[in-house]
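Open the structure in your viewer and keep the selection tool at hand. The stops below are taken one at a time.

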Amino acid sequence: MIGKYAVRFASLAYLGGLLAAPVAYVFWRTFRHGFAPAWDAVTTPEALHALKVTLILTGIAVPANTLFGVLAALAIVRYRFPGSGIFNAIVDLPLALSPVVVGLALLLLYGRGGWLDGHHIVFALPGMVLATMFVSLPFVVREVVPVLREIGTEQEQAAATLGASGWQTFWRVTWPAIRWATAYGVVLTTARALGEFGAVSVVSGRLAGQTESLTLYVQDRYQGFDETGAYAAAVVLALLAVTTLLLMTALRPKEQTR
Amino acid sequence: MIEARGIVKRFGDFTALDGVTVEVERGSLTALLGPSGSGKSTLLRVIAGLEQPDEGVVCLEGQDVTGVAPQERGVGFVFQHYAAFKHMTVWENVAFGLKIRRRPRAEVKQRVAELLELVQLARLGDRYPAQLSGGQRQRMGLARALAVDPKVLLLDEPFGALDARVRKELRAWLRRLHDETHTTTVIVTHDQEEAMEVADRVVVMNAGTIEQAAPPRELYDHPANEFVMSFVGPVNQLGDAFIRPHDVELLLEPNGATQEAMVQRLVHLGFEVRVELVRDDGEVLSAQLTREQVESLELQRGQIVYVRPTRQTVFADSA
C-alpha cells in the first residue's frame with residue numbers, strides 16, 4: 001500500500017516540479033498585474049509580427065512534414081529499396097543533431113560564400129522555414145512506421161483481391177488505420193515547430209519585426225528587461241501548444257468508443 | 001477451372017515451388033495438403049495473383065491470367081488470420097467489394113443481407129471485427145470474399161487459428177456451403193483430417209512439389225509413396241512394409257506368421273483404443289482396436305501378444 005502511494009507521489013512530484021511549477025509560474029508572472037498589461041504586451045506590432053512569423057513557419061512545416069512523413073513511412077515499411085536502411089536512419093538525424101548545428105549547416109550552405117548564396121534564404125523567412133522543417137521532420141514518420149508494421153499487409157492484400165486499386169486501398173484501408181498515428185505525429189510536429197529556437201535563431205539574423213519568431217521574441221524581450229512582454233509572449237506560445245493538444249484529445253475519444 | 005502449369009517460385013535461395021502442375025475442376029472443392037514449408041500457401045497465392053511465379057502459367061476458366069493483377073482475376077481469398085478491415089463494421093466489410101465495383105445501393109444492401117444470412121451473421125452487421133469471435137470473423141471473411149461472385153474461392157488455412165471444436169463445425173459448414181453454391185474452391189490445410197473430410201480431391205504437397213493428387217479414399221487406400229502414406233494417416237513401419245494401425249491384428253497365441261511384442265501402453269480414445277507395442281528387437285508400433293476387442297483379449301500393460309498385419313503396403317522405390 002505504502003509503496004503504491006510512494007510511487008504515485010514520486011511521479012506526481014517529479015511532474016509537478018519539472019513541468020507544472022515552471023509553467024504555472026510563467027502564467028502567474030504574466031497575469032500578476034491583471035490581464036490588461038499582458039494583453040497590451042502581446043498586441044504590440046513586434047509581438048504580433050513575431051506571432052505571424054511563428055504561424056507561417058508552423059503552417060508550412062507541419063503540412064509538408066505530414067505529407068513527407070506518411071510517404072516516408074510507407075516507403076520504409078512497405079518497400080525494400082537499395083539504401084532503405086540508411087534512409088531510415090537519416091530520418092532520425094534531426095532528433096540526434098543539435099538544432100544549432102542545423103542552423104549553422106544551413107548558414108554555410110545558403111549564406112554568404114555558401115554553395116547556394118544569393119537566393120535570399122538566410123536571414124530571411126525561407127531559411128527559417130527550412131530550419132523549422134528540418135527539426136520537426138521525424139515525428140510523423142516515427143509515429144506512423146510502427147502502426148504500419150503492426151497492421152501488416154494482409155488487409156491491403158484482401159482489398160486487392162476484392163478489386164480495390166492501390167489508391168482505393170490506401171484511402172479505404174491503410175489511411176483509416178494510420179490516421180490517429182498521423183494525427184499524433186502532427187501534434188508533436190506542431191509543438192516542435194512552434195517551440196523551435198536554436199536552428200531558427202542561427203539562420204534568422206533576428207531582425208526585430210522581420211525575421212523574429214515568437215520564441216526569438218521572448219528571448220529578445222527578456223534580454224531587454226521587458227519581463228511582462230517576455231512572459232506574455234511565452235504564455236501565447238504555451239497556449240498555442242496546449243490548444244493543439246486539446247484539439248487532438250477532443251477528436252480522439254470518438255474514434256475509440258465506436 | 002483452375003490450371004497451374006510448371007509453376008516455379010523462389011524466395012532468395014529457397015525454392016518454394018519447384019515446377020508444380022495442378023488442375024482444379026470447375027465446381028469442385030480441392031484441398032492442398034502438406035506440412036509447413038511445402039509450398040501449398042505459395043501455390044494458392046500464385047493462383048490469386050498475390051505472388052508472381054518466376055516460371056509457369058496460371059489459367060482461370062481457360063484464360064491465361066499469369067500477368068494479370070489480383071484485382072482483375074475475379075478470385076475470392078480468405079486469409080488464415082481473417083484480414084478483417086478493423087475500422088469497418090461487419091456489414092461494411094462484406095459490402096467492400098461491391099462498393100468498389102460501384103453497384104447500386106439497393107443491390108449492395110440486398111446482396112450483403114443475403115450473404116450475412118448465409119454465414120449466420122445477420123444480427124451482427126453493426127459489430128466491429130474486434131467484437132466477434134474467431135469463428136464469426138472467419139465467416140465474415142468468407143462472406144466478404146463471396147460478395148463479388150468470384151470465379152474461384154481460395155482459402156488459406158482458413159480454420160488454422162481456431163480451436164478444435166469451432167474448426168470441426170466450420171469445416172462441415174464450409175462443405176454444406178460449397179454444396180449449395182458450387183463455387184470452384186481450393187482450401188489450403190496442413191490437417192489431413194480436414195482435407196479428407198471437406199475435399200473432393202486432395203493434392204498432397206511436399207518440398208515444393210506434388211506427391212499425389214487423388215480423391216480422399218484413393219489417397220488413403222492407394223498412397224503413391226511413403227510420404228503420402230504417412231502424411232494422410234498414422235502408420236507403422238515393419239522392415240519395408242507400411243501398416244496402418246487398424247490393420248494390425250493382435251493374437252494371444254503365436255501362429256507362425258506372427259511376431260511377438262509387448263504391450264507398452266493402452267490409450268483409451270473413447271470407442272477406440274490405441275495399443276502401443278514394442279517388439280523384442282526394440283521396434284515400436286501401434287495397433288488400433290475397438291474397446292470390445294481390447295476387453296475380450298483382456299489386454300494389460302506388460303502383456304506379451306502376437307502381432308499379425310492384415311494388410312500392408314510396400315513401395316517399390318523405397319528400397
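Select chain B and colour it by burial: of its 319 residues, 40% are buried (a residue is buried if 20 or more other C-beta atoms lie within 10 Å of its own, with C-beta atoms placed from the backbone). This is a predicted model, in which local features need pLDDT of at least 70 and side-chain atom pairs count only at pLDDT 80 or more, while totals for chains, interfaces and linings use all residues. Residues are numbered from 1 along each chain as its sequence is written, and chains are lettered from A and ligands numbered from 1 in the order in which they are written.

Stay with chain B. Its C-alpha atoms fill a box of roughly 75 × 45 × 30 Å along the principal axes. Chain B has nine helices and 18 strands (DSSP runs numbered from the N terminus: H or I of at least four residues for helices, E of at least two for strands). Of the contacts in chain B with a separation of 6 or more, 64% are between residues 24 or more positions apart; two residues are in contact if their C-beta atoms, placed from the backbone, lie within 7 Å.

Next, the sheet. Select β13, β17, β14, β15 and β16 of chain B, which in that order form an open, antiparallel sheet of five strands (two strands pair if DSSP finds at least two bridges between them). Zoom in on β13(B) and β17 (residues 304-309) of chain B: they run antiparallel and are joined by four bridges. B:V248 is opposite B:P309 in β17(B).

Now move to chain A and select α8 (residues 138-151) and α10 (residues 166-195). These helices of chain A pack at about 165°, their axes 7 Å apart (axes are lines fitted to C-alpha atoms over the stretch in contact, and angles run from 0 to 180 degrees between N-to-C directions). α8(A) is therefore roughly antiparallel to α10(A), a term for angles over 145 degrees. Residues in this contact include A:F139 and A:V147 of α8(A) and A:I178 and A:L188 of α10(A).

Last, show both chains. Where they touch, chain A contributes 14 residues and chain B contributes 18 residues. On the side of chain A that touches chain B, α9 (154-161) and α10 of chain A each supply at least two residues. α9(A) gives the most, with six residues.

Terms used
A residue is buried if 20 or more other C-beta atoms lie within 10 Å of its own, exposed if 12 or fewer, and partly exposed in between; C-beta atoms are placed from the backbone. Angles under 35 degrees count as roughly parallel, over 145 as roughly antiparallel, 65 to 115 as roughly perpendicular and the rest as oblique.
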